[in-house]
Amino acid sequence: MPIVAQSTETTDWVSRFADEVIEESERRAPGKPVVVASGLSPSGPIHLGNLREVMTPHLVADEIRRRGHTVRHLLSWDDYDRYRKVPVGIPGIDDSWAEHIGKPLTSVPAPKGSEHPNWAEHFKAAMVEALAELGVEYDGISQTEQYTSGVYRDQVLFAMKHRGDIDAILDQYRTKKGPAKKQQGQKPVDEAELEAAEGSGAAAEDDGSSAAGYYPYKPYCGQCEKDLTTVTSYDDETTELAYTCSACGFSETVRLSEFNRGKLVWKVDWPMRWAYEGVIFEPSGVDHSSPGSSFQVGGQIVGIFGGKQPIGPMYAFVGISGMAKMSSSKGGVPTPADALQIMEPQLLRWLYARRRPNQSFKIAFDQEIQRLYDEWDKLAGKVADGSVLPADAAAYARAVGTAAGELPGTPRPMPYRTLASVADITAGAEDQTLRILSELDPENPLASLDEARPRLDKAETWINTQVPAEERTVVRDEPDVDLLKSLDDQGRESLRLLQDGLEQNWSLDGLTHLVYGVPKVQAGFPADATAKELPSEIKVAQRTFFALLYHLLVGRDTGPRLPTLLLAVGQDRVRKLLGA
C-alpha cells in the first residue's frame, strides 16, 4: 500500500513544487500527462551530484502521482554528446582513447573488459541499476536514437530555417562574461561537478558560430565520425548542407532532410526538447543563474519552437564527506552505486528529499554516516510514536517509498554503528556476527542474519571499503600483563566490579548501564545516578576507565562502543584479557 506524504507545510518543498507544476500543466496542456524531465550525459561515471538532477523531478513527479495525476518523468540520456576528453582513473582505458575525442559517446569503445557495446552504455548501466534500487520511475530516451532515427528531423530543419532568430538571441550574450562565481560554501567536488552544474552536454560546446555564418546544427563527419566540422553553406529550399572536417579533411554535401548524422548545438537542443516533449518541470545546476547560461538563453529560444520554458529550480552542489578510495567507480567522485554499497536506498533518498534543491549538503562516506543513521532511526521512531513534525513526516514518507508502494527494507533495523562495530570485530564471520547480534536483546534474540539485512551488509561494506586498516579493531590475543601489574587499587577494583556484573548485564542495554555505572559506584553513587546528580569529576573517571578497557581489550585509547565491543569479544575472553 502506498505511503502517503501528508504535508503542505511551507518547509515541504516537494509539495510546493507539485502544486505549481500541476497548475502550470493544466494551463499549458489540460487533460494531458504532467511532464517532468532530467538529462544525464554518460561521459564517465555518473556521480552523486548528477543524481540531484534526477531525484529533484522524481520526488515532485512522485508527489503528483500520489495525488492521482498521470506523470511522465523523461530521462534523456545525452549519449549523442561528443566525447570530450579521456578521463583520469578509469580502469580499462589508456591514452589510445584520445583518438576518439569528438565522436558521439555511443561511437566510442567501452573500457576494456566491459560487457557493454560502447562507452555510453557502459557508464549508463550502473546508473540504471542504481535508479531501480532507489525506486525511481522514468521513461528513458536515448538521444542517439532520437537523432539517428530522424525523430527530430522537423525540429532540426525548423532551427536551420530560423537560425537568424536564434543567432540574434545568442548574440545578446556573446559579449557578456562567463558563468557567475560559485556561491559561498558551494564547492564542487571536482571538474565533473562543474560540468554537471551547467547541464548535460553543455560543457565547452560551441554555439554554432563560424566564419561561414551561424548554423545551429553540427554534423558528425562521414569519414572519421568526429564533430570537428564546420558548416560552410546551407540552402533552405533544397536543405542541401555542405560541411568540412578539420580532423581528417573530409568534406561533403548532404540533404539535411535525409541526413541523420549530427545534432543541434546544446543551447538550441535543450529548448527544442522542452517544446517537443512539452516539459513543465526540469531543474538545473546553480551555474544557470549566470547571464548566457543554457537555461537562461533556452528560455528565449524555446519560444522560437513554440514552447515555454519549464519551471526550473536551480539545485546546489552535493558534497562528499570523507571518501576513501572506492573499489568501483575509480573516476574521482563517488557514484550512486558507490553510495548504495554502504547505505540503504531509503537513507540516500532521504538526504535528497529533506533539503530544498537550493540547499547544498554532503553525503557521508566517513564516520559521519553513523551519525546520519542515528538521525534517520530517531526520525523513524518519531514517525512510529506520532511525535514527528509534518515536514519531517513528509520527507520520511518520500524516502521509504513511492506512489507505487514501500521500498524493500531491513526487517529488523539495528543501529548502523553497532552493525559496523560487529562487522569490524568479527571480520565478517557470520557465526560470530549472529552470536553477538542475538545477544544485543536477549529477550528478543535475532534468529537469522537475514533479519538484519541489507543494513548489515551495507555496514560491513563500509567497514571494508571506507575504514583505513590502521583504524580497524583487532582484539588482543593475550592479556597486557605489564599494564595489569601496574594498576593501583582503584584500577583493579574497577575491573573487578565490571567482571562481577558481566553475566547479569550481558545485553547491549545492560552493558551500557554497567560500564557507565562502575565509576559512579566507585565514587559512592548509585549506578543509575543521572548526570545532574553527579559531580563533574565522574565524567573524568569514566573516560579514564574507558581508556583502560580499550587498552586491555584492543591495545588502543579508543575503539568501537564498549558495550558492543564487550559483546563481540565474549564473556570468557573479556575475563581473560581483564586479568580474571
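**Figure 1. Contact between helices α14 and α15 in the predicted model.** Residues L419, V422 and T426 of α14 meet Q432, T433, I436 and L437 of α15. Sorted by class, the residues of this contact of α14 with α15 comprise four nonpolar and three polar ones, with no charged residue. The structure shown here, as in every figure below, is a predicted model. Helix α15 covers residues 430–438, and its axis and that of α14 come within 10 Å and cross at roughly 140 degrees. An angle from 65 to 115 degrees would count as roughly perpendicular and one over 145 as roughly antiparallel; α14 and α15 are therefore oblique to each other. The crossing in which α14 passes α15 is right-handed.

**Figure 2. Packing of helix α14 against helix α21.** Helix α14 (residues 416–426) also packs with helix α21 (residues 562–569), at an angle of about 40 degrees and with the axes 10 Å apart. Roughly parallel helices have an angle under 35 degrees; α14 and α21 are therefore oblique to each other. Here α14 passes α21 in a right-handed crossing. On the side of α14 the residues are T418, S421, V422 and I425, and they meet T564, L565 and A568 of α21. This contact of α14 with α21 contains four nonpolar residues, three polar residues and no charged ones.

**Figure 3. Crossing of helices α11 and α12.** Two packed helices are described by the angle between their axes and by the distance between those axes. For helix α11 (residues 345–353) and helix α12 (residues 368–385), the axes come within 11 Å and cross at roughly 90 degrees. Because angles of 65 to 115 degrees count as roughly perpendicular, this description applies to α11 and α12. Helix α11 contributes Q346, L347, W350 and L351 to the contact, while α12 contributes L372, Y373, E375, W376 and L379. The residues of the contact of α11 with α12 divide into seven nonpolar, one polar and one charged.

Figure 4. K124 lies in helix α3, which is formed by residues 119–133. The relative accessible area of K124 is 13%. Buried means under 20%, so K124 is buried. The side chain of K124 makes a polar contact with the side chain of E121, at 3.2 Å. When neighbours within four places in sequence are left aside, K124 is in contact with P42 and W77.

**Figure 5. Position of V286 in a loop.** V286 is placed in the loop between β11 (284–285) and α9 (294–301). The relative accessibility of V286 is 8%, so V286 counts as buried. V286 and A168 are 118 residues apart along the chain, and their C-alpha atoms are separated by 25 Å.

**Figure 6. The whole protein as context for the close-up views.** The protein has 22 helices and 16 strands. The C-alpha trace spans about 100 × 50 × 45 Å along its principal axes. Of the 580 residues, 51% count as buried, K124 and V286 among them. Among contacts between residues at least 6 apart in sequence, 72% join residues at least 24 apart.

Definitions and conventions:
Residues are numbered from 1 along each chain as its sequence is written. This is a predicted model: local features need pLDDT of at least 70, side-chain atom pairs count only at pLDDT 80 or more; totals for chains, interfaces and linings use all residues. Side-chain values use heavy atoms; hydrogens and water are left out. Helices (H or I, at least four residues) and strands (E, at least two) are DSSP runs, numbered from the N terminus. Buried means under 20% relative accessible area, exposed over 50%, partly exposed in between (1.4 Å probe, protein chains only). A polar contact is a pair of N or O atoms within 3.5 Å; within protein, one must be able to donate a hydrogen and the other to accept it, and residues adjacent in sequence count only if both atoms are side-chain atoms. Contact means heavy atoms within 4.5 Å. Axes are lines fitted to C-alpha atoms, for helices over the stretch in contact, and angles run from 0 to 180 degrees between N-to-C directions. Ala, Val, Leu, Ile, Met, Phe, Trp, Tyr, Cys and Pro count as nonpolar, Asp, Glu, Lys and Arg as charged, and the others, Gly among them, as polar. A crossing is left-handed if the near helix is turned anticlockwise from the far one by less than a right angle, and right-handed if clockwise.
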